[in-house]
Structure formats: C-alpha cells, structure tokens
2 protein chains.
Amino acid sequence: MSKEITSREQDYAQWYNDLVIKGSLADYSAVRGCMVIKPYGFALWEKMRDQLDRMFKDTGHVNAYFPLFIPKSYLNKEAAHVEGFAKECAVVTHYRLKADPGGEGLIVDPEARLEEELIVRPTSETIIWSTYKTWIQSYRDLPLLINQWCNVVRWEMRTRLFLRTSEFLWQEGHTAHATSDEAVAEARQMLGVYADFAEKYMAVPVIRGLKTESERFAGAVDTYCIEALMQDGKALQAGTSHFLGQNFAKAFDVKFSDKENKLDYVWATSWGVSTRLVGALVMAHSDDDGLILPPRIAPLQVVIVPIYKGEEKKDLLNDRGRDLARQLKDAGISVQFDDNDNNRPGWKFAEYEKKGVPVRIALGLRDLENNSVEVARRDTKEKTTLSMDGLPKAITKLLATIQQAMYNKALAFRDDHITRVDTWEEFEKGLDGKAGFFAAHWDGTPETEAAIKDKTKATIRCIPLGNPPEEGKCILTGKPSSQRVLFARAY
Amino acid sequence: MSKEITSREQDYAQWYNDLVIKGSLADYSAVRGCMVIKPYGFALWEKMRDQLDRMFKDTGHVNAYFPLFIPKSYLNKEAAHVEGFAKECAVVTHYRLKADPGGEGLIVDPEARLEEELIVRPTSETIIWSTYKTWIQSYRDLPLLINQWCNVVRWEMRTRLFLRTSEFLWQEGHTAHATSDEAVAEARQMLGVYADFAEKYMAVPVIRGLKTESERFAGAVDTYCIEALMQDGKALQAGTSHFLGQNFAKAFDVKFSDKENKLDYVWATSWGVSTRLVGALVMAHSDDDGLILPPRIAPLQVVIVPIYKGEEKKDLLNDRGRDLARQLKDAGISVQFDDNDNNRPGWKFAEYEKKGVPVRIALGLRDLENNSVEVARRDTKEKTTLSMDGLPKAITKLLATIQQAMYNKALAFRDDHITRVDTWEEFEKGLDGKAGFFAAHWDGTPETEAAIKDKTKATIRCIPLGNPPEEGKCILTGKPSSQRVLFARAY
C-alpha cells in the first residue's frame, strides 16, 4: 500500500484528495475555489472531451462559442433561472485598475465602472437565446443543434477538486426545435449519449432517470440525469439533459413561423457534463494504491519499465524495450518506454500504479533470454508472463478485458448497493450501513422530499426511466405512492 | 459580384465585416466588444487549433488548465507586466446578486464584496508562475513545457470581429528552463512552429522578426513575432513568442537547484496565437465574392451540387452525387453533397463561394451521360471538366494545387509590397501609395520610433531575423543606423 495515500477506510475524503493531487491530476490554486488541472489530469479530460465531441458530432451537433459575460439584466429574464444562479455568480463591475495614489498597490479605477454589471457565465442559456432570436425566423432555421466547450463559474462556498469548484470546464449543448416532441426526443437522446459514454468509456454504470421538481435545473420543464454510485455508497450526478419547453424562447421572445406561416415560440433543450466526471471516475474505480483508469480513456495505456542490472546488456534492454513500444504504438496503443535512469524500477512501479496506468510491462535480462515479458494489470494486480511474439495483439485484448472487468466490477458493486426499503427504520438503518441507492415509496410532494433531506441528508436522485408502477406507502408520511424512487446521499 | 458584400475598393473595412458576418464566421453579441463565433467560424478555428495542437505536442508540449481569475495583487508583481495590462482588464468585485429591494431588477449584493478583487485573465504569466513555484525545486523538474487553450479578456475600446475583441480564444505556452540559452531556443522554436503553421496551413507568408523595445510584450526581455501582410497593404501581427528571462521567476520567487546544488532563478518563455488568426486568414485571401479558404484548414473542402431538371433522373443524380461524395470522403477529403431542394443551384453556388469552399463540383444530366463533372476552383474561379473515374485522386491533387497557388499568390503580393526607402519623402509617399512594408533605416531610439508613429501611424513591425547589417541614416533624424527595420501601418 502506498504510504503517500490515505486509505479509504481511514478517511475517504482525504483518500480522494490524495489521489487527485498525488496522481498528478490537479492542484489547488491561489484563487479560492479554483483548481489547476495538471498535464496528466488534462490529458485525461482531453480523452473524455474528444470522445464526447465525436459522439455529439455523430448525432448532428456542431460547436460554436458564445461570450463569457452575460449582462445582468439577461439573467433576470427567466424567473426560475435567476433564482437558481443569482446567489452564486462572479460579477464584473469595472474594466480598469490604476495605481493606488496612496500606496504601492493597484486599486479598481472608480471611473471605470460598467454601466451594467456583467456576470461571468454560470451557464449560457440567456446569452445563447438572446442570440438565437436573431438566428431563428422560420421552421427552415430549425433545428439548431449547437454545443459549446467552455469554462463556467459558480461561486461555491465549499469546494472539492473536480467535484465542486468555482470555475469548471464543461460542454453545454443548446438546441432549438419546432415541436415539443422533437425537443423531448433530443433531451432523451443526449441523456443516452451521456449514459453510453459513462458506461462504455468511463466503465461507470449509471441509472438514467428524471429529477423531481425540486432538483430540476433552474428554468427547465424536465431534467433528465444519469446517476452513478461511488465506492463510499454516495451517489454522484454525472450528467444532466434538460427539456426547457418554451421558457427561454418566451423570456427572449424567440418565435418562428411554421410551414403554415403561423408564429410560435421555439422549443429548447440544454445538456451538459463537466470536469466533475473526472472526480466520478476517480471515486468509482481507484484503490488505496492510487488511480485505476479504464483503458479507453487512460492518457497512457501501457508503460514498459526496463529492469537494468547495472550496465549489463543495458543497450539490448533499451533496444528491445523501444522496439516493443513501437510495435504497440503501431497497433494504436498509447505506450511509454520509461528508460529514466534516475529512478529505480520499484519507484516507477509505484508511480505508475498511483497514476492508474492500466498495464505495466517489465522487461529484464531473463526476459530477453526467454523472449517474454512480465505483464501486470493495474485493476486486479495480476501478473502474467507473455511471449514477445504477438505482444501487440495480446495487449490489445488485455486492454479490452480490463475495460470490461472494470465495468463489471463497478456494476456488481452498484447493483449490490440498490436496496428496496419499505419503512423509515429500514431506510435510516440502510443509510448508516452500506448505503447506496434506496428504492422507496414517496408521496410525491416537495415538502416530504425536503423533510427527508433535512432528517437524513439523502435526496431523491431520480425517478428511473421505465420505472414500473407499484402501489405503496411513503416511507415518511405513509401517504399513498404509485412508484418507488431512488434516494441516496450524494456528492 | 455578390450584392451582399461591399467591394474592397469601395470600403475595405466594411468588406471585411461583410465577409465575417455573411460568410457565417461570427456575429456581434449583446456584450460590448465580445463576439459570437458561429458554427462555421468555429469549425475553421477547430481546424486551426487541432493542427497547432499537434505541432505543439510534436515539439514535446503538454496541455494544462489554470484559473480564469487572477488575484489583483499578482498582476502587480511584475512591474512592466502590470503597466501593460492594468488599464484594460475586467475586474470581478462581488460574488452574488440579489433582488433589488426597491424594484424588479437585480442588484449586486453589497455584502458579497470580495476581500481581494479578481482580474479576468488577460494572459496567464502571473497565475502560472505562482503555480510553477510549487512545481519546480530542482533541475530535474525542468524543462516544463506547458500550453493552455483558453479564453482571455482585454478590455478594448475599439473592437473588430476576430481582429480585436474584448474576449478572445487563444493558446498560451508557458515554459520553464534551467538556462537562458535553452529558453531562447524554445522561444525561437515556437516562432518557427507559428511561421510553419501560417505558411503551410493558412497559406499566409510571414516575416519572422524581433520586436523593438517599445513593441515588446509587457514583461519580456525579447519578443519574437511573425508579421503578415493584408490585401490593403497593412501588416498584421499573427503570433508572438517571448523570451521572458528571469523576470517572472523573480517576481514569484521561483528558484531551482542545479546539478551542483546551486540555487538560481528559472528562465521562462511564453508564446501565443489567437482567434485573430481567423481575421488574418480572411483578409489575406478573400475577394469581393466572399471568403477564400485554403484547403488544409477549410472546414469543408469540396461541395457537390446536383443540377436537377425537375424530376428527370433526380434519383440517379442523387445516387451518383452521394456515391462521388463517399468516394471523396474515403480519400480523406471533407465533402458535402447538397441535395437541399429549397435552394436553386445558382443560390448554392453563391453561398459556397461566399463561404470560401475551395472546390465546387456540379453534376448535371449531361454529366451523367458523359461520366464527367464540372469542377470549379474557388481561388481562381477556373472551371474544368473531369472524368468521374479517378475523381478522388484528381481532387486530392487539385486541393494541393490550390493550397500552393494561394500561398504563391499571397507571397508574390507580399514581396511586391516590401519597399526599400531611403528618405522621409519616399517613406511618406510609399505609405500613401500601395503601402506594405518599408525597409528603412532608423536610429534605434524609442523616441524616433514614437515620432514616426505620431507622424504617419506606421510602426516598426519587426527587425527581421537574419537581417543583414547595413550602414545608413535614419529616415527621420538622419542619425547613423546599422540596419534596416520594417515599418508598416498595422492592424
């Protein structure tokens, strides 16, 4: 066990922080609540971003870029939206600094006050719909299927690396449609894209569902979400897709003329995932020795470490190591041959374990003789000896095996942590036990939802899509309920 | 000539704006000085960004992400730097809005005032070097070769789409080195990368040079630049690469221990190009009918337009058109088959001309009979008839021909607009004539440089790298000069 990393059992929150910082994903910054994403962490985000971007483009979306700043009055145009975001936004009030006449420092130049304050975007519905007004006149202009990759700011009081930071990176899709049905279909399609990405690339199983009214996005008619389960039994919302109805079209007066030349407000969706996914990935798979990254999004899939015995056959080891690396690279595997002389193999092993590199290949003098290598899986720590002949094919297969095994393990854990509870006692006992999701009856009112949250810190994560109807009684009030919903404590 | 677009002769500035807006690259936004980059413009930027990113990675750089906000006091740590940026920065002073107790609107909550104001980054040297302090202890930590793609804000009073906007997208490389020589070599290497990119991908010839002291980046020891020439004879700085010496290491106290365990300040570079390059591309190549984009970065390289005669053989035209598109796509060409029924071929031709698509293929009934297509080049407007057999190969070759021809044309124009002048009269006459670059003697003082700028609006664009020494007399003061420098009016 790595001494640098606090164990999960000892302190789960500290374990997470250790992984992020010592796994070289991110660092705290000098700015409150903002983080620095380090090169290794950013390479991971790039892999995730690029794959998502391909999936967005495959479903007909294009990228664009809208301003960072939002005029204060825009935020105010959609009532629920302003309620949701006004309390946590960074406000630009001035556009110039000047030397402090009474000191050595800089002060805000009082003469450079903006006529209208600008908000650093917490999300871009308002600025985008104010623009769509000029782009949409007729049904021929629809649908508009636009995505934006950018930074956003929500002034959080309690922050955690990746999971909740004042500035974060994300993508936000904003689409405009001629009919309600089409917009709902789009919102559901993008939820499917997110779920596919989480399961097939991040190896994180998710539950697709609908948020209750009180957990809905500020300004949405319906919020769809994917919910994942972390190793401590807490849930994490990994992505949301909103059917916005005509709320923003009405707020910004965006109408289109249909085929019969009749005017109507445009229907909208928005959907987003963020660097929060990195946090989800870390917490879903890693162990007390460090990160465990799924091969399909690992920045580095394979590392080859030569085991030198002094200078004996060092050149030969390097030649074979580089040759193997080239072979793997030609097979489309991302690989590094680590011939750094300053560090010993044991140090390197621990380092790559910490960074979660899926496969480690060790190459020693005996391997040269036997034409073999020692291959270690990061996820199970199993070691096997493989022939150098046909190595690329074997490693390709192994990477696929690891990807599937990681998913299966997370799925088994998740499924083992969905508990049906029928009484308040069972619910409370479960929450304080192994936790996870609790499928329970709820009377459907926001008041009961809030009361349950107050008592237990658990919230309704979602009403799963395709949830079977079932008569029952609310675990808190005993009032009638027509279906179970999923409760959990959550990040 | 397209009626929508003002001609260059009539109004060059309006021509540029027309191209950007009617070519669907960008739009004005509701926020002063900020633009909306539309999907077609963003696709162009993506092509440029992705190619640059490959070139950065090929030269050993990795990406990372640093906070959007910079504490006010950080900006103040490097004297020249603060001088350069304090006058044009967006300042965040508060972190919350609240309902106006006296009205319906929102006001800044006076109780949510930040202890220290935050600056929206105009460039990231300060926040990055404050972070490097924690990352660099020893020569083993060097070099650090990090790049960041992000948005930055400089509060400009007079803005123009792409060329000068308050918010823009860019990349900023920030590297740290153990020696001065290594840092200088890095700054020059990245200048070379920029020049290669401009010439080989944008088809824009550039002059590599060194800025004079007064045009240097705020905080740099030396600023290298590439300068391009626009069709109106004005120069445009297309990229800069700075040798920062130990200025930022000293400002943020970043020292490393060398192999002999001796402490020294770290040496630095920074380098950047921005969405301004899109403006340069537009102005370097386009004509009065619209954009002309070089094939290697055009979002769409080829469009195929079917010429229907009512319903006659429409299916056959569509089949052949789609088949040709598929063939071209398989050959790695980005292509669109435009079977949109709502628009006539003539309208489509004008539209793709306006958008600068390098090659247009028209496919009519007679072409089906002859097994041929009509191929039109956007750059020269030449039309030829090509056989459908072997079309992918012919089009691949044509795209390469267009790329080279566009570069050659821009190079000939540029070379024709470098004038050697030896007297003030020649200089003034030249500036009011066909303009361009003027190679002239200058006495080497900032005072003379400023006086020349006051009189003519022309500035010293650069001292070209490898400039031959030549004795002469300053065109303004008559004082001795040891080399010619390049003057021009500039964007």
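**View 1. B:Phe69 stands opposite B:Val120 in strand 8 of chain B.** This is a predicted model, in which local features need pLDDT of at least 70, side-chain atom pairs count only at pLDDT 80 or more, and totals for chains, interfaces and linings use all residues. Residues are numbered from 1 along each chain as its sequence is written, while chains are lettered from A and ligands numbered from 1 in the order in which they are written. Strand 4 (residues 69-71) of chain B pairs with strand 8 (residues 113-120) of chain B. The sense is antiparallel, over three bridges. Strands pair if DSSP finds at least two bridges between them. Strands (E, at least two residues) and helices (H or I, at least four) are DSSP runs, numbered from the N terminus.

**View 2. Strand 5 (residues 91-94) of chain B also joins strand 8 of chain B.** The two run antiparallel, with three bridges. B:Val91 stands opposite B:Ile119 in strand 8 of chain B.

**View 3. Helix 8 (residues 276-285) of chain B is mostly covered.** Ten of its ten residues are buried (20 or more other C-beta atoms within 10 Å of a residue's own, with C-beta atoms placed from the backbone). Among them are B:Arg276, B:Gly279 and B:His285.

**View 4. Helix 9 (residues 314-330) of chain A crosses helix 12 (residues 391-416) of chain A at roughly 60°.** Their axes, lines fitted to C-alpha atoms over the stretch in contact, come within 9 Å. A:Leu324, A:Gln327 and A:Leu328 of helix 9 meet A:Leu391, A:Pro392 and A:Ile395 of helix 12. Contact needs C-beta atoms, placed from the backbone, within 7 Å.

How values were computed
Axes fitted to C-alpha atoms, helices over the stretch in contact; angles between N-to-C directions. Contact = placed C-beta atoms within 7 Å. Buried ≥ 20, exposed ≤ 12 C-beta atoms within 10 Å, placed from the backbone.
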